[in-house]
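Subject: Structure handover

Hello,

Please find the structure below. My notes on it follow.

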Amino acid sequence: MTKRLVQGNEAVLLGAVKAGATFFAGYPISPSSEILAQASVYAAHHPEFRFLQEEDEIASANAILGGSLAGAKSFTATSGPGFSLMQEAIGYGHKVGIPCVIVNVMRVGPGTGMPTMPGQGDLNQARYGSTGDYTSIVFYPSTVAECYEYAIHSFNAAEESRSPVILLSDAFLGHLNEVTDLDAIDLPVVPRTLEPLASGGTRLFSGVATYPDGEPATADSDEFIRQYNETRNHSLGVAERYAFYEYGWNKESKTLVIAFGITRRIAQPLAAHFALFRPIRIWPTLDEELTEIAARYKEIVVIEGSDGQYANVVERMLLRRVERVPLLGGRMSIEAIREGLDAIGMLPAEPAPSGSESPAGSRAGRAG
Amino acid sequence: MAVKDKLKTDLFPTIWCPGCGIGLIMQQLATVMDELGLDKSNTVLVTGIGCTGRMGAYMNFESVYTLHGRTLPVAEAIKMVRPELHVIVVSGDGDIASIGGNHLLHSIRRNPNITVVCNNNEIYGLTGGQTGPTTPKGTATISSPAGASYSPINLQGVVNTNPNAYYARTTVYHQGPMRKAIKEAIEWPGFSFVDVASQCIENNGRRIGFASANDMLQNYRTEYKAAPPGSTHLEPHQLGIVKGEPLPVADGSGNGSGE
């Protein structure tokens, strides 16, 4: 039990190891590369932990599918452009039912964009990036300690849902160093749920629509819908057990601020003026929880590192107007937030007292 | 055990067209697997998208039917996590040499102890007969009506960029040499690649002037000749095996030494 400085990306790796991960495949990309580098160091000292630096992110994502099928809890880490390249494999993982974890340390896109600047523009891609319909479970922590915690939750949810789970981070959070005692965090670890390859059966793991015996079901709509509903309902049921969020700050305010990931930390100086809702499980959305909480507030404003990706979701969920403070081009600062609030006439009359950030002050909660 | 125990014969007939060469490869692969004692508890098949990819569904093994082009990352990861397993990739030429070409380059470089059996029919058969990476220059296809514009990929040259790899070229007509090539490939300690020329009568052969699958087989018989013993390089239409310097397998449990 020792407190020490830990970096967000390092905490993700340590959480993965704690969750029982034994295979990492990846490709270097800012701002996620520390996870790759530290996984290689960990593998050098722990032969049971397999590490493969791949030729690209397509190979990385497909390799963790293979590694997971072979029996290892498997993960990769990347950022926007690499995350785009992984989308086909993520969809395959959903179709086949393969537990694995993809860490996306978000930067500013599209394209190569701003490789070292923080962004939050991959929310929709984390939900809808692959072809077809599927049910994504996605978490987004806010502190270094949470990077560790939600890495463990991600592996657990992946095992339970038998699907690829996305752990979001960002360039600020990934490179943030905080004093924390990770040993003091005690979370249960879900054992493997998928029987490994060559267990004596003759299973066919196929991305093609197939019947249980492996014959193609590529023109059987009823069979497709039966399998789709079964998978969807299973994943939604699992997600219910991971309904993590934070609700706090000044609950007497008339305005609810919604912020997540690093943005919630940046908005901390506004604590005296607004109530806060921070979704940690980004997908599936926390409809029941947010609907109940939002009903108490006259105004809602979403502060996020994209041009309204989550605000659109909230507006559609609540069927009411939602104000937006988009933090674009990596300009994620309290000054940018104040400017954004001012532009929509919501800047608090008196400047909030500065400092006094205490991320552990309001505890992350869980529904139910 | 018998060869037929390696096959899910209850799913026969297969979806492959009459006259297709893939079944001839499956038969020899099953024969070799039987000879070497490969079974569902020690072997995994990894197949790619294309007609060839269906082979995994017809064999009595656990198999992964990957995304198009992604057999090698999946196979290499399986081998890394479970080095005691035999991992055999069965892929078409379009899958492994075009959309999966970058993985081929780099898997070869890393020399994993896996075997690739490539059904090389010089065409994208499943999608109807478009030019593929192995289509000979000048061949008329439905995406190159005036003849394919470019030279085909040199698979032997690509595989032999790894001085420790194994490359064999054979055809579905030459059943004995094909069996030998597959067997030695599975026993090879490192990356091995069996390049099997195979006919697609429906979506290639008739268009380029063959009347039947048998005519294509007879063409293999007359066109392909065994390379002289000791050859270190195969000329076009030569059958043979080119072996690099075998490296000891780091995990001590290679494809050929698992049992």
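One face of α9(A) carries the exposed residues A:D222, A:I225, A:R226, A:N229, A:E230, A:N233 and A:G237; that face is turned away from the buried side. Helices (H or I, at least four residues) and strands (E, at least two) are DSSP runs, numbered from the N terminus.

This is a predicted model: local features need pLDDT of at least 70, side-chain atom pairs count only at pLDDT 80 or more, and totals for chains, interfaces and linings use all residues. Residues are numbered from 1 along each chain as its sequence is written, and chains are lettered from A and ligands numbered from 1 in the order in which they are written.

Back to α9(A). A:S235, A:V238 and A:A239 are buried in this helix. (The arc is that of the directions from the helix axis to the C-beta atoms.) They pack against β7 (137–139), α7 (144–161) and β14 (281–283) of chain A. Contact means that C-beta atoms, placed from the backbone, lie within 7 Å.

α13(A), residues 334–343, has A:I337, A:G340 and A:L341 buried. These too fall within an arc of 100° seen down the axis, so they line one face of the helix. Their cover includes α10 (262–266), β15 (299–304) and β16 (323–326) of chain A. The face turned away carries the exposed residues A:E335, A:D342 and A:A343. After α13(A) comes A:G345, with a positive phi near 70°.

Next, β13(A), residues 275–279. Five of its five residues are buried, so the strand is largely enclosed by the rest of the structure. A:A275, A:F277 and A:P279 lie on one side, A:L276 and A:R278 on the other. β11 (residues 244–249) of chain A joins β13(A) by five bridges and runs antiparallel to it. There, A:G248 partners A:L276. β12 (residues 255–258) of chain A pairs with β13(A) in the parallel sense, over three bridges. Strands count as paired if DSSP finds at least two bridges between them.

Now the two chains together. Which strands make up the open sheet of nine? The order is β10(A)-β2(B)-β1(B)-β3(B)-β4(B)-β6(B)-β5(B)-β8(B)-β7(B), with mixed pairing. β10 of chain A and β7 (225–226) of chain B stand at the edges with a single partner strand each, so one side of each has no neighbour in the sheet. Three bridges join β10(A), residues 204–206, to β2(B), in parallel. A:S206 has B:Y65 as its bridge partner. β1(B) and β3(B), residues 86–92, are parallel too, over five bridges.

As for contacts across the chains, 30 residues of chain B touch 34 residues of chain A. α3(B) gives the largest share of chain B's side, eight residues. By class, that side has 15 nonpolar, 10 polar and five charged residues. (Ala, Val, Leu, Ile, Met, Phe, Trp, Tyr, Cys and Pro count as nonpolar, Asp, Glu, Lys and Arg as charged, and the others, Gly among them, as polar.)

Best wishes

Terms used. Contact = placed C-beta atoms within 7 Å. Buried ≥ 20, exposed ≤ 12 C-beta atoms within 10 Å, placed from the backbone.
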